Amino acid sequence: MLLRAPFPPTGGVCSVSNSTLLAIAENLVISCEEWRAESLPLQFRFGYSEAPWSSNPVAWATPTHSSRYNMRLAEGSYVVGVEIIDAFGGATLSNLMPVSVEAVLPASASDDEALAFLDNAFTSLDRLGQTSQILGAATSVMKQLNRETQPGSGRRLLASSAAYRMRVRRMLLQNMQGSVNSSMTPRSTGPVLSTTEGLASAGGIQDVQPGTGMQAAASLERASSLAVQKKGFGEEDLEGVLRVSDAVLFASRMEDNRDARNVAIRGVLSAIEKVSEGYVRVMLQKEQPLVC
């Protein structure tokens, strides 16, 4: 019997619409062309990292059959890459593309003006049903929340007081309650869980506002219900839900009344119950029968 391993996707190139853009306000369009593979169809997984690529974690979007993708990013220097995946799971990383994202507001802008700008941008994405873009932008904003203030001529949207960062986290979680939660699929639960974890806990208790725990618990519970339906559900998904559960419990400490704390805690318990039952089912299916 002759076994032949297929080659991963080759021959293509990816490009960005522009290498310099304004934070959150402008779409970065990524396009891939001329990729070939022996095993079709191809999927494209678009991602970005703070520069340099090799030294920072990559925020990946859910794989898609579309070779074109839009994203919005907070201020900073990024590297964009695409993983091209064939039908058998063979993958190739595209050429890496540097992108510079500049501040959109003047240095004199107030916290209220900056928050209103962010809120309007995310509300617009929500109305258009652009859930992947909401998650990508929220992840980018979340990463920036913990950065120290950097010098520059523009007003950095996220380098401000703990009170302002607290309001930004709450606003992002509120926006995730719309089209993100309603159109979430089993395949998109990973990015949702990752973003929820960061918004609920990153930055310390001083950055958590009352209401954050309840909102994060709602996203967690919805994601856990869908995660167990995902093809290949397993240990990694279970661990992801448990990590987010810790973050939600952390945020629930700042709820200003017992009822709100109980809502967040019940959401966590429900999520853990769902994924635990799902994981047990998977383990039982893999269990070899006992032969006497």
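This is a predicted model: local features need pLDDT of at least 70, side-chain atom pairs count only at pLDDT 80 or more; totals for chains, interfaces and linings use all residues.

**Note on the structure**

1. The link of Cys14 and Cys32 is right-handed, with 105 degrees about the S-S bond. The two residues form a disulfide with their sulfur atoms 2.2 Å apart, where a disulfide is a pair of cysteine sulfur atoms within 2.5 Å. By this rule the count comes to one disulfide. Cys14 lies in strand β1 (residues 13–16) and Cys32 in strand β3 (residues 28–33), so the pair ties together parts that are 18 residues apart in sequence. Strands (E, at least two residues) and helices (H or I, at least four residues) are DSSP runs, numbered from the N terminus.

2. Residues are numbered from 1 along each chain as its sequence is written, and side-chain values use heavy atoms, with hydrogens and water left out.

3. Both Cys14 and Cys32 are buried. Buried means under 20% relative accessible area, exposed over 50%, and partly exposed in between (1.4 Å probe, protein chains only).

4. Strands β1 and β3 also belong to an open sheet of three strands, with the order β1-β3-β6 and antiparallel pairing. β1 and β6 (68–71) stand at the edges, each with a single partner strand, so one side of each has no neighbour in the sheet. From one strand to the next, the twist averages 15 degrees; axes are lines fitted to C-alpha atoms, for helices over the stretch in contact, and angles run from 0 to 180 degrees between N-to-C directions. Four bridges join β1 and β3, and Val16 has Ile30 in β3 as its bridge partner. Two strands pair if DSSP finds at least two bridges between them.

5. Two loops hold cis peptide bonds. The bond from Leu40 to Pro41 is cis, with omega near 5 degrees, and Pro41 lies in the loop between β3 and β4 (43–50). The bond from Ala51 to Pro52 is cis as well, with omega near 0 degrees; Pro52 is placed in the loop between β4 and β5 (59–60).

6. Ile24 counts as buried, at 1% relative accessibility. Glu34, also not a glycine, has a positive phi of about 65 degrees, but Glu34 is exposed, with a relative accessible area of 60%.

7. Five salt bridges are found in the whole structure, a salt bridge being a side-chain nitrogen of Lys or Arg within 4 Å of a carboxyl oxygen of Asp or Glu. One of them joins Asp112 and Arg167, with the closest N and O atoms 2.9 Å apart. This pair links distant parts of the chain, Asp112 in helix α1 (residues 111–127) and Arg167 in helix α3 (residues 162–182), 55 residues apart. Glu197 and Arg243 meet in another, at 3.9 Å from N to O; Glu197 is in helix α4 (residues 189–201) and Arg243 in helix α6 (residues 235–252), 46 residues apart.

8. Lys230 and Asp237 form a further salt bridge (2.4 Å, N to O). Lys230 counts as partly exposed at 22% relative accessibility, whereas Asp237 is buried at 13%.
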